[in-house]
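Student: I have a model open and would like to work through it with you. Can we go one question at a time?

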There are 2 protein chains.
Amino acid sequence: MKITRIVDTVVPIRSEIRNAYISFSEMTASAVAVHTDAKCDGKPLVGYGFNSNGRYSQSGILRDRMIPRLMAADDVSLCDEAGMLDPSRCWRVMMSNEKPGGHGERSVAVGVLDMAIWDAVAKAEGKPLYRLLADRYNEGRYQEEVYVYAAGGYYYPGKEIEGLLEEMRRYLDLGYSTVKIKIGGAPLHEDQRRIEAVLRILGPGQDLAVDANGRFDHATALEYAEALNDYSLKWYEEPCEPLDYEIHADVAQASRNPIATGENIFSVPDALNLIRYARLVPERDFLQFDPALSYGVVEYLRILEMLRAHGWSPRRCIPHGGHQMALHVASGLGLHGNESYPGVFQPFGGFADGMPVHNSRVRLPDAPGIGIEQKQNLYEVFREL
Amino acid sequence: MKITRIVDTVVPIRSEIRNAYISFSEMTASAVAVHTDAKCDGKPLVGYGFNSNGRYSQSGILRDRMIPRLMAADDVSLCDEAGMLDPSRCWRVMMSNEKPGGHGERSVAVGVLDMAIWDAVAKAEGKPLYRLLADRYNEGRYQEEVYVYAAGGYYYPGKEIEGLLEEMRRYLDLGYSTVKIKIGGAPLHEDQRRIEAVLRILGPGQDLAVDANGRFDHATALEYAEALNDYSLKWYEEPCEPLDYEIHADVAQASRNPIATGENIFSVPDALNLIRYARLVPERDFLQFDPALSYGVVEYLRILEMLRAHGWSPRRCIPHGGHQMALHVASGLGLHGNESYPGVFQPFGGFADGMPVHNSRVRLPDAPGIGIEQKQNLYEVFREL
């Protein structure tokens, strides 16, 4: 199996939403197609990949650093003994001549290509990616349905509570039992009113998570932690600067609710520092590293290995991003679940068409690969590549 | 003063060298020109910036994220009360809608533009940048000459010691009294032979630093620290993975030589973690954050403030990169000195033409701005922008 051509393009993922930190109105995503000389159902086998939301415009790094290295490498460097593309070897080729440290945007460029390579390998083996991951790394065990939660809960200037509850009811009607709302975009007492309003419409077995998007300083992060102790929440997410482990440690101690963080941590060394210094609680807290932003599945496997060595189960992981790739990882590697942004970040957000959410759980398609072809609006992007 | 146009280009900085970690043969740099409506000596005032070596191909991030934000911003957002471009405000505009965490490549894109903005402001005030920085942030104090050391000391397969000594003698003849060589590209006993050979040709007042480029694992970093204790070195640089603070802490304790690190740390939050967890010694060790790779001078000023709050003097800083920008920062903000790569990473490496090194110290030109116009081969790159 040889890579014959790699094509990339940039696609808008405009969304009119904003969180406590940023607006998403200018955002794009890179989409790549890795063409191979293999066949699948008589047609040329092509692997597809894209990046998750949050970081974008990696085209320079893709075109001048990562793609040329893959195209210049020989088969022995990219393939296993059986001649099949080997994602770990491809990863090593992409990262050759890269300096250590500074994990942010490069991790996204590698993640996009890593996704396309896994898609190609799973197609070549005729398996959906979650089966491939389960067979290779999880003794064949996978989750037929994956827990997903609905992330949203934006601010609605002028019709604050009413707009929020309308959005929450939409998610509950879609079949989600966990919903997540933003906090930190208003003073604490207003956020408390919003939280209490949502809690009142939740029934048994339904729960609420809150997300500060890394906005709070030390004192505010603690003030919120204590105020949130009045409620029983699914989690309190990104209370502070994602790299400030001292604040995390204080918040983790002050909070009776689980802490969730990790969407802005993009590598094994950074994840290791979070585990070493932030004093998160392995029996209680959640880790949200997003494989598509963090050097792909090859690095995610290393993160899981590092976590196990520090007493953390894969069951504590719920990736950020709300995309199909992380859903496969969650199913095949035994994670707790996956994020979902119903209806936004299109066409990249969301899962395969015709896969409804029941009791906050969603099934994966049986088609080989990631199933990008099973999501019509997403496949439109790739069809021309 | 208004920004009227920003032009960027990509220029090779090919170099046939390699260190223990990477080869530099494919590397490029971005160069930007920030055009303004102001005049300087009757000609339009243009600020120039470029990135330091190590990370490259930021064109996507520059063109799709940073430059459009600067061009879309109004005067109030970019200028101070006197109507002069304000680097801090420009920085805030560039970083609007950026998520926290993940400091790696974005920090380089911002650094390139930050450099051009400082160049424009210094030209508008008719001062060399080091004077502007000294006047604004250092009570007018600056260093007329800045300590620089010669970084190199590569491996010469086939003529190992002979090639190395030839290179070292060239640096000493150029006027450097501190020279730095690579280690970790050969077994310890060979590196010891190389170190001892260089030490033998050094006279009184001359010294040697060694650089492992982040290559060693925990055990090897410690093994080298102990072996290097047999010599009196200027420093032992980047012993290990730049984000692994536990290894740093052990090495810092085992070493009698100063430790130097920081070239792969690109932001205040990462620098703060290094200071909090790596147990470096403020009276002994050196910090090598490179402003051109790390969100520019605006962020570097914040790093110095954070260092002061933790008991570190600016005198412990010697930026990585060997470029003119860091030389101005070293002079105007009272740093220990600056790196220099004699003859490599051209045209971006090195200082103004006709500024010889005496006793490992170099002067800065009096021309307004950074002095890119005072370095002929570098100005060739910018003349057309």
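**Two chains and their contact**

Tutor: Start here: 36 residues of chain B are in contact with 36 residues of chain A. Contact means that the C-beta atoms, placed from the backbone, lie within 7 Å. This is a predicted model, in which local features need pLDDT of at least 70, side-chain atom pairs count only at pLDDT 80 or more, and totals for chains, interfaces and linings use all residues. Residues are numbered from 1 along each chain as its sequence is written, while chains are lettered from A and ligands numbered from 1 in the order in which they are written.

Student: Which helix of chain B gives the most to the side that touches chain A?

Tutor: Helices (H or I, at least four residues) and strands (E, at least two) are DSSP runs, numbered from the N terminus. Helix 1 (59–72) and helix 10 (268–277) of chain B each supply at least two residues of that side. The top contributor, with five residues, is helix 1 of chain B.

Student: Why are the two copies related as by a two-fold rotation axis?

Tutor: Copies are superposed by least squares on the C-alpha atoms of residues with pLDDT of at least 70 in both. Chain B can be laid on chain A with an RMSD of 0.0 Å, by a turn of 180° and a shift of 0.0 Å along the axis. The same surface serves both copies, as 100% of the contact residues of chain B recur in chain A. The relation is thus as by a two-fold rotation axis.

**The sheets**

Student: In what order do the three strands of the open sheet in chain B lie?

Tutor: Two strands pair if DSSP finds at least two bridges between them. The pairing here is antiparallel. Strand 1 (3–12) and strand 3 (43–50) of chain B are the edge strands, each pairing on one side only. The order is 1-2-3.

Student: Which residue stands opposite Ala31(B) in strand 3 of chain B?

Tutor: Strand 2 (residues 28–40) of chain B runs antiparallel to strand 3 of chain B, and seven bridges join them. Opposite Ala31(B) stands Phe50(B).

Student: And in chain A, what is the bridge partner of Val34(A) in strand 3?

Tutor: Strand 2 (residues 28–40) and strand 3 of chain A pair in the antiparallel sense over seven bridges. The partner of Val34(A) is Gly47(A).

Student: At what angle does helix 4 of chain A run to strand 3 of chain A?

Tutor: Axes are lines fitted to C-alpha atoms, for helices over the stretch in contact, and angles run from 0 to 180 degrees between N-to-C directions. Helix 1 (residues 59–72) of chain A lies across strand 1 and strand 2, at about 165° to strand 1 of chain A. Helix 4 (residues 106–124) of chain A packs on the sheet too, touching strand 2 and strand 3. Its direction makes with that of strand 3 of chain A an angle of about 145°.

**Helix pairs**

Student: Are helix 3 and helix 4 of chain A roughly parallel or antiparallel to each other?

Tutor: The axes of helix 3 (residues 87–94) and helix 4 of chain A come within 10 Å and cross at roughly 155°. Angles under 35 degrees count as roughly parallel, over 145 as roughly antiparallel, 65 to 115 as roughly perpendicular and the rest as oblique. Helix 3 and helix 4 of chain A are therefore roughly antiparallel.

Student: Which residues of helix 3 of chain A make the contact with helix 4 of chain A?

Tutor: By class, this contact has nine nonpolar, no polar and one charged residues. Helix 4 of chain A brings Val110(A), Leu113(A), Asp114(A), Ile117(A), Trp118(A) and Val121(A). Helix 3 of chain A brings Pro87(A), Cys90(A), Trp91(A) and Met94(A).

Student: How do helix 8 and helix 9 of chain B lie to each other?

Tutor: Helix 8 (residues 218–228) and helix 9 (residues 245–254) of chain B pack with their axes 9 Å apart, at an angle of about 15°. Helix 8 and helix 9 of chain B are therefore roughly parallel.

**A backbone detail**

Student: Where is Pro347(A) found?

Tutor: A cis peptide bond joins Gln346(A) and Pro347(A), with omega about 5°. Pro347(A) is in the loop between strand 10 (338–340) and strand 11 (361–363) of chain A.

Key: Two residues are in contact if their C-beta atoms, placed from the backbone, lie within 7 Å. Ala, Val, Leu, Ile, Met, Phe, Trp, Tyr, Cys and Pro count as nonpolar, Asp, Glu, Lys and Arg as charged, and the others, Gly among them, as polar.
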